[in-house]
Amino acid sequence: MNANDFKSDLKPVWCPGCGDFAVLNSVYRALAAAGCAPHETVLVSGIGCSSRLPGYVETYGFNSLHGRALPIAIGAKVASPRMTVVAVGGDGDGLAIGGNHFMHAARRNVDIAYIMMDNEIYGLTKGQAGPTTPTGDKTKSTTYGNPDPAIDPCALAISLGASWVARGFSGDVKGTTELMTRAIRHHGFAFLNILSPCVTWRGEEQHKELRAKTRAIPADHDVTSREAALRFTGEHDVLTTGVLYEVARPTLLDELAQIERRARGSAPPPTRDQILQLFQMR
Amino acid sequence: MENAITFSIVGSGGDGAVVAGDLIAMACAARGLHVMKTEAYGPQIRGGESSSTVRISSAPLVAPAESNDALVVFRFADFARFRSEMALSPDCVVFHEPNDPPPAELAALRCIAVPFGELAREKNMVAIGILGAMFDIPGDEIRAAIKKRFRKKGETVIEANLKAFGVGQAFQPASLGRRLESLRYTGTPHLLMSGNEAAAFGALHAGCTFFAGYPITPSSEILHFLSDWLPRIGGACVQTEDELAAIGAVVGASFAGAKAMTATSGPGLSLMAEMLGLSSIAEIPSVIVDVQRGGPSTGIPTKSEQSDLFHALYASHGDTPRVVLACCDVEDAFHTTVDAFNIAEEYQLPVIVLSDQLIGQRRETVDAASLVHDVVQRRIALPVDEYKRYAYTEDGVSPMTIPGIEHGMYQTNGLEHDELGRPSSMYVVHEQMNDKRHRKLDAIADRYRLFRRFGAEHPELGILCWGSSAGTVREAVERMNGMGASVAAFVPRILAPLPASELQAFVDQCERILVVELSHAAQFHRYLRSEIDLPRGRTAVLARSGGKTLTVSEVMAAAVEKVMA
């Protein structure tokens, strides 16, 4: 498989210059690089500009409800563990309306990659402040400035128990592709936050500003240290890209397999009569 | 039901009132008697009031108890909380602690003081010793039930309970009187199960391999049962962070090919509304069991009501085809759940099973042989050339693939979409797709004419009811017909799409109609008015709040007062 095999014939509805085009490009390359078969790959999204992405990729796709990509992805992965399941969406989708699911997907270490295209704004509804919009920013819904502090999605993921956390910038297709490939291959919940500029609602300058701030994570960073990883979160003047955190721990599927062994041991599945014995009073 | 007996045990949490009822129910089921056991609780987690009511008969039972022949009260302060929900027969015997005298209103009854607490620490065992002797329930069977129930607690506990039971048996108040020679022990043991267990077993029978749920009273036993059994058959049970995620995971698992279900109560179903719409437009099978309780909002978590009907029928914005089934009793919870899977899988839409606390949490005798039901498997398409996931078809059902099938890839969508699944906001696509999705309901209405009709062949009075009211109405109909009346009842087991032609034919053949339901707002009556024609001026309604079980005499009184008058 090469990247082109993952391209669908649907044309993106995104604005010219949107960072999501580059992310989409990385998705094609990363799926190919990770060795995924299109028919054994499931892309799940919620609602938002970036959530349109599954339609542009030739795999099984599910453009679902606002905030609900993760529960659907979990159900699909548990029901069909052989599939590569990737959840995608925006910052509002994953951190506001879907925030509770983010917390529990990370804690459970579900075996999926979750790619967040973070543009610091609600784009599809035309320019309201989102959970990653900086304090003070004037948007359509924050006429006198955003009163709320921004969330750093990576800090959140690390503290919630995600076993792989990275930050990328859509302008760096090569770097993002590498991170995405690792996220897909990771055993457990891999969270990749990609800063993806919104030229329409954050202005043409956002792209340049982000590029100027970007710097690679130091080569000697200890990815197994939560403390060290958190030092690269909540940044203002710089934007550190790369893998912040990576540990190995049992995934939800590992745990469910354990439960199956505990429940059944080496016995064959119970028959109907064996189950009904529970209700026999003699 | 002349040869039936009923008793209640009331106490505080920790008194073991519910366990006591369980043990007698188990003993009777083992001896081939028919049993219906209901429980009621106050809102407290521990230490609150609880009651257990057991109805026993040698003939099959269709309705919960009408009134009590015996009552054990460990504390009258607890009894007061259930007073408005509990009827006592005129010859009811009341057992109580000597230092806790009965209230004046019970003075007319035979009240017998028993020092339960003094006789043994396990005072509930003393109580069933007395009741067992009074009603001639075989002691060896109760002892076997005690051993079975306390198996995991060890020999010491079993011995202590058996001893206390013996003390109760030996405690024979003078001239207790009533022994029920009419109870015939057939010797063929019945299963004893709750409606929630029957629904969960139905899911396993139907081939469910994925369950996701969030704990909520009174449905949690379904989660508990499947948490225990699904892993043993190679399935998975996931407790999610909320009901939004539970139904989301069900939709995801079903998309990936699993037969999947969630169970909840009204507050959870409220949260699931958005996913009903997704399951409907994306045409992904899903099964949702709603064990109703008193509403709205948090309402009365521990007591039954039939007021989620509108929500089940209409929840979710937009034109959202879904199927709503309703079970009538414990055994029916099994059949209805299997039907729900069959319909969901074949027609690719959400199916809601409406149960309620009265069915879900009551234990009832069931015959193992009746727990069989044909199972429909999902038809999985194996496309070779261009695949149209949402192809327009005559019955509206389009070929469905699952991830892993090489030429079956598609994108599914909560957005309106064309035959290929591509998003579309064009009117013509929307109209055609709405039409296709709704055509499935026509096919279902044609195939699944699920209803019960009982009573007179040419009735003067026709009663319409649904769900857990059916049993009580059935007994009322039989009793009224036994008194020379001409009454019949029609109980739809599929509420959407309604078996409208059969229902209309039934209504047209009756002189008068009585609608019976436990919804203060008369949701069922209003729904019927929107779907069929009820005779103007000749239709009466018995609609009241839940929280108290519908009784046979209530239905009969309504028939006389509102209809016959």
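1. Which strand of chain B does β2(A) pair with, and in which sense? The partner is strand β15 (residues 411–413) of chain B, and the two run in the parallel sense over 3 bridges. Pairing here asks for at least two bridges between the strands, as found by DSSP. Within β15(B), B:N413 is the bridge partner of A:N63.

2. A word on what you are looking at: this is a predicted model, where local features need pLDDT of at least 70, side-chain atom pairs count only at pLDDT 80 or more, and totals for chains, interfaces and linings use all residues. Residues are numbered from 1 along each chain as its sequence is written, while chains are lettered from A and ligands numbered from 1 in the order in which they are written.

3. Now to the contact between the chains. Chain A brings 43 residues and chain B brings 52 residues; two residues are in contact if their C-beta atoms, placed from the backbone, lie within 7 Å. On the side of chain A that touches chain B, the elements giving two or more residues are β2 (60–63), α2 (69–79), α4 (99–108), α9 (252–264) and α10 (272–276). Of these, α2(A) gives the most, with 8 residues. Helices (H or I, at least four residues) and strands (E, at least two) are DSSP runs, numbered from the N terminus.

4. What is that side of chain A made of, by class? It has 24 nonpolar, 12 polar and 7 charged residues. Ala, Val, Leu, Ile, Met, Phe, Trp, Tyr, Cys and Pro count as nonpolar, Asp, Glu, Lys and Arg as charged, and the others, Gly among them, as polar.

5. Over in chain B, have a look at strand β1 (residues 4–12), where 8 of the 9 residues are buried. Buried means that 20 or more other C-beta atoms lie within 10 Å of the residue's own, with C-beta atoms placed from the backbone. β1(B) pairs with strand β3 (residues 49–57) of chain B in the antiparallel sense over 9 bridges, and B:F7 stands opposite B:V54 there. β1(B) also pairs with strand β4 (residues 68–73) of chain B, in the parallel sense over 4 bridges; B:S8 has B:L71 as its bridge partner in β4(B).

6. Back in chain A, helix α1 (residues 20–33) has 10 of its 14 residues buried, including A:V23, A:L24 and A:V27. The buried residues pack against β1 (41–45), β4 (113–118), α6 (173–185) and β6 (190–195) of chain A. After α1(A) comes A:G35, with a positive phi near 75°.

Definitions and conventions
Buried ≥ 20, exposed ≤ 12 C-beta atoms within 10 Å, placed from the backbone.
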